[in-house]
Amino acid sequence: MNKVVTFGELMMKLSPLGYARFVQSHQFNVEYSGAEANVAVALSSFGVPAVFVSALPGNEIGDAALNALRHYGVDSSGVIRKEGRLGIYFAEKGASQRPSKVIYDRSYSAISMTDVSDFDWDKLFEGASWFHFTGITPALSDTLASICLLACQTAKAKGVTVSCDLNYRSKLWAKEKAGKIMSQLCEYVDVCIANEADAADVFGISAIGSEVETGMIDTASYAEVARQLSKRFGFQTVCITLRESISASDNNWSAILYEGGSVYHGKKYPIHIVDRIGGGDSFAAGLIYSLLTGKTPQDAVEFASAAACLKHTIEGDFNMVTASEVESLVKSHGTGRVIR
């Protein structure tokens, strides 16, 4: 199988132990994470050669971050070392009616200080069949937006499939700027992934009859959102993940896939959450794996949805499950009975 290249920021994640709050914590758990890195780790777990491209500081903290990826078989040869720091984000896990909270500390990170000339995309795409990035990366700096554009243009010129998870983050950029930049990038995207709010936040395409804040999701209205996205940008495939938030501890999770004018619905999973961060990235990895291995649209959305469901049961941002474990969930009733 040809390799998948992902591009984005790798950060240090600092979390209070268990369900403790920031203000009551005297120690933090250390992990390494980033949307595109999460996708690369999940793909590697599925047996797909995954290459992560980024920039990290040339010190021991940068080494530790790289080692976290290498541990799961991700090819880190595309990571350059530069001056700057490793970005950090703090994550407080919510429970019941108390929501999770994320605080970013990523200004002046090594990747945000990169230049267009730092990455040789012709070389990076040698032997690649797929390129994945998210809307988080171009939000980090104007230069990174330009680097993403060059990467997409090079990928298209080489016949490499391009996927993008819109992943709008209000703490990183305004909706108006996100819409402008992402519209340019999406001209080169083949497979678009969004959650229930992204299309409205980035492109002003809203789902009529749904209220994300209250967890009221009308699946049919999102099929129309997917159709409009496909029409505007010419996407080959559009996937929208649908999270019905009952509380911070319990969600219903499902997804739809739109392709060739047809809509395919994945199974809805009621999830009691262990850790929800990285769920969307796990869906993206599951979708990429499915399309690379020739699954039908229906089987692809089922596999990706099940992969994301399993991630919600795992501590940390990486989805450490195999393809066979995902397939087992797809074929089962999801009761979680002990495997003996």
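Select Pro16 to start: Pro16 lies in strand β2, residues 11-16. Helices (H or I, at least four residues) and strands (E, at least two) are DSSP runs, numbered from the N terminus. This is a predicted model, in which local features need pLDDT of at least 70 and side-chain atom pairs count only at pLDDT 80 or more, while totals for chains, interfaces and linings use all residues. Residues are numbered from 1 along each chain as its sequence is written, and side-chain values use heavy atoms, with hydrogens and water left out.

Is Pro16 buried or exposed? Pro16 counts as buried because its relative accessibility is 6%; buried means under 20% relative accessible area, exposed over 50%, and partly exposed in between (1.4 Å probe, protein chains only).

Now show what surrounds Pro16. Leaving aside neighbours within four places in sequence, the contacts of Pro16 (heavy atoms within 4.5 Å) include Arg21, Phe22, Phe28 and Glu92. Ala91 is also in contact with Pro16. Pro16 and Ala91 are 75 residues apart in sequence, yet their C-alpha atoms are 7.5 Å apart in space.

Next, select Thr241, in strand β11 (residues 237-245). Thr241 has 5% relative accessibility and therefore counts as buried. Not counting residues up to four places away in sequence, Thr241 touches Ala194, Asn195, Glu196, Trp253, Ser254, Ala255 and Phe283.

In soluble globular proteins, nonpolar side chains tend to be buried together.

Finally, zoom out to the whole protein. There are 11 helices and 14 strands. Along its principal axes, the C-alpha trace spans about 50 × 50 × 45 Å. Buried residues make up 55% of the 340 residues. Of the contacts with a separation of 6 or more, 70% are between residues 24 or more positions apart.
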